[in-house]
Amino acid sequence: MLRGNFLTPSLIRTSPFLTFLSKISLPLMHQSNCHTYRPLLCWHMHSFTKPITDIKQNRFSADLTTGLCTLAFSKKSTVNESSAPNTGTMSNKSKKKARRESPEGVLRHKLDMCSKRGDVFEALRLYDDARSNGITLSQHHYNVLLYVCSCKCGSESSENGDRENDLNLGLKRGFEIFQQMITDKVDPNEATFTSVARLAVAKEDPEMAFDLVKQMKSFGIPPKLRSYGPALFGFCKLGNTDKAYEVDAHMGESGVVPEEPELSALLKLSVDAKKVDKVYEILHRLRTLVRQVSESTFKIIEDWFDSVDAAEIGVLNWDVSKVREGIVRGGGGWHGQGWLGSGKWRVERTQIDENGVCCSCNERLVCIDIDPRETENFASSLSNLACQREVRSDFNKFQEWLGRHGPFDAVIDGANVGLVNQHNFSFYQLNTVVNRLRQMSPSKRMPLVILHKGRVSGGPAQIPKNKKLLDIWRDGGALYTTPPGSNDDWYWLYAAVNCKSLLVTNDEMRDHLFQLLGTSFFPRWKEKHQIRLSVSRDGLNLLMPPPYSIVIQESENGSWHVPVITGDDLEAPRQWLCATRARVKSLHSLFSN
């Protein structure tokens, strides 16, 4: 089974995992003393000859006849009992201190500091010292080491010569450390595989990075988006369309949703490779998943429409009825029937006026409807999440209160509105917004104001005129005070969604709480319901939701409008890309005339 110090080629070919190990082991054996790696490879081969009887016995299992093999590690971490502190009779505080001050704990802290600084040399010195002193390395130790090595490989801050040395060091030692982790039978996790995948791409081997992602399933580890990044970006960089699309398909099979960087890389690859159908597909994926693009993606799209390939693709005559059916089926703003029209595109950077009309082509953008069932499902999901993270009885009490006093035409994030452009909380500013919304309401009813308990019981709330305002809102059933320790974000967001009302807040809703809500429905809901507040010397201005959807739009006549992401300046005009070409009568219209 072993030929000298090496695995036989015939045996390697029968096992995907041995093929993967050989990619790492064999190059290192050529570079280093072969005797260093012989015990490791012999251990691998010895393990493969044993039948699997129990996954918990830390054994490799293999079926060499079918070429399938799975490395199965126990979920129980390996611990060096002799080096672990005796914490049997200690308090929890003492146990934590003992773990922190143990050799393993000290090493963990020092490695974490190396990771923070990006100091690969010190991290490797600590690793070598730990090995010499017999310190048992945990999954965390190994993962930090692999992460630091992979980061050093990806760094571009060094001079060319230094960077090459750093790259070689990071690669050589990174793969050695991964080998040692396998030898020590320390459970790998998603972070382990992702770091090794980055090492693989640094040596310009995205195939190995992709193999690693595939192996994750053998370990029962679900890949994350970052797990696919090294392979996907590596293949895109090499211009390998087939493999990049294969990685993309594998992501879909694993339930991993790409974000703008991944889609942008696939778009650039498809444009360069003249894959016109793929360009069309990815533009629609950007429309669905990203909606508004960054400047870098914007430039790729702009260059595509300016290209000769874009001018040559498209149908001269099309069936209008099919296009319209596609628009209705998709909810508006796109049809998905392929490139319409022919000839050179007229491409301009432009703006959309307050009525939703393009200042370049005079086409009116559409406001894409939200399915009422989506809103109901979102409200239910929001309620479940809030009950998990808030005191359930408190949130249920609020829901009951809302059922008695609602629905409302508008909901105000009181803390946010009272502090916009203010050093101290302003009840006057909040009341101005309340009155403005009341005048706008068809029923002339006051909006719902959500304030935390602390805002209504201390500070400016004790001033008589402010106490009077609070009493007016409370008596009118338009004030809800959230209890101490609660996060009022859950309350005002749920109220707005449940009542299908407008929401007044300048909160961009980008933090962890809102990331829990997903990236599909929530941005669409926010766009149609959020009112923002602008305060200047000229007074207070309510920025209403636009009468059109700020999303990539494909029109019935084949033109495209692409919005770019804006900064924090709420009143700065948004830039759009307008791509149109000469109108050609469709097949349907020719016959109808």
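User: How much space lies in the largest cavity?

Analyst: The largest cavity holds about 50 Å³ of space. A cavity here is a set of points, on a 1 Å grid over the protein atoms alone, where a 1.4 Å probe fits but cannot get out. Points are joined across faces, edges and corners, and the volume is the space filled by probe spheres set on them.

User: What kind of model is this, anyway?

Analyst: This is a predicted model, where local features need pLDDT of at least 70, side-chain atom pairs count only at pLDDT 80 or more, and totals for chains, interfaces and linings use all residues. Numbering runs from 1 along each chain as its sequence is written, and side-chain values use heavy atoms, with hydrogens and water left out.

User: Okay, how many cavities of 30 Å³ or more does the search find?

Analyst: Searching the whole structure gives 2.

User: And which residues line the largest cavity?

Analyst: Its lining is Arg-291, Ile-368, Asp-369, Ile-370, Arg-524, Glu-527, Lys-528 and Ser-549. A lining residue has an atom within 4 Å of a point. By class, 5 are charged, 2 nonpolar and 1 polar. Ala, Val, Leu, Ile, Met, Phe, Trp, Tyr, Cys and Pro count as nonpolar, Asp, Glu, Lys and Arg as charged, and the others, Gly among them, as polar.

User: Switching to helices. At what angle do helix 11 and helix 13 pack?

Analyst: Helix 11 (residues 225-238) and helix 13 (residues 260-272) pack at about 15 degrees, with axes 10 Å apart. Axes are lines fitted to C-alpha atoms, for helices over the stretch in contact, and angles run from 0 to 180 degrees between N-to-C directions. Helices (H or I, at least four residues) and strands (E, at least two) are DSSP runs, numbered from the N terminus.

User: What does that make helix 11 and helix 13 to each other?

Analyst: Helix 11 and helix 13 are therefore roughly parallel. Angles under 35 degrees count as roughly parallel, over 145 as roughly antiparallel, 65 to 115 as roughly perpendicular and the rest as oblique.

User: Which residues make the contact?

Analyst: Leu-225, Leu-232, Phe-233 and Cys-236 of helix 11 meet Pro-261, Glu-262, Ala-265, Leu-266 and Leu-269 of helix 13. Contact means heavy atoms within 4.5 Å. This contact of helix 11 with helix 13 has 8 nonpolar, no polar and 1 charged residues.

User: How do helix 18 and helix 24 pack?

Analyst: Helix 18 and helix 24 (residues 488-499) pack at about 160 degrees, with their axes 10 Å apart. That makes helix 18 roughly antiparallel to helix 24. Among the residues in contact are Phe-378 and Leu-382 of helix 18 and Trp-490 and Tyr-494 of helix 24. The classes there are 9 nonpolar, 2 polar and 1 charged.

User: Last topic, the backbone. Which peptide bond is cis?

Analyst: The bond from Gly-406 to Pro-407 is cis, with omega near -5 degrees. Pro-407 lies in the loop between helix 19 (392-405) and strand 6 (410-413).

User: And what is the phi of Asn-362?

Analyst: Asn-362 has a positive phi of about 65 degrees although it is not a glycine. Asn-362 sits in the loop between strand 5 (346-350) and helix 18 (372-389). Most residues other than glycine have a negative phi, and most peptide bonds are trans.

Methods:
On a 1 Å grid over the protein atoms alone, a cavity is a set of points where a 1.4 Å probe fits but cannot get out, and a pocket is an open set with protein on both sides within 12 Å along at least five of seven lines; lining residues have an atom within 4 Å of a point.
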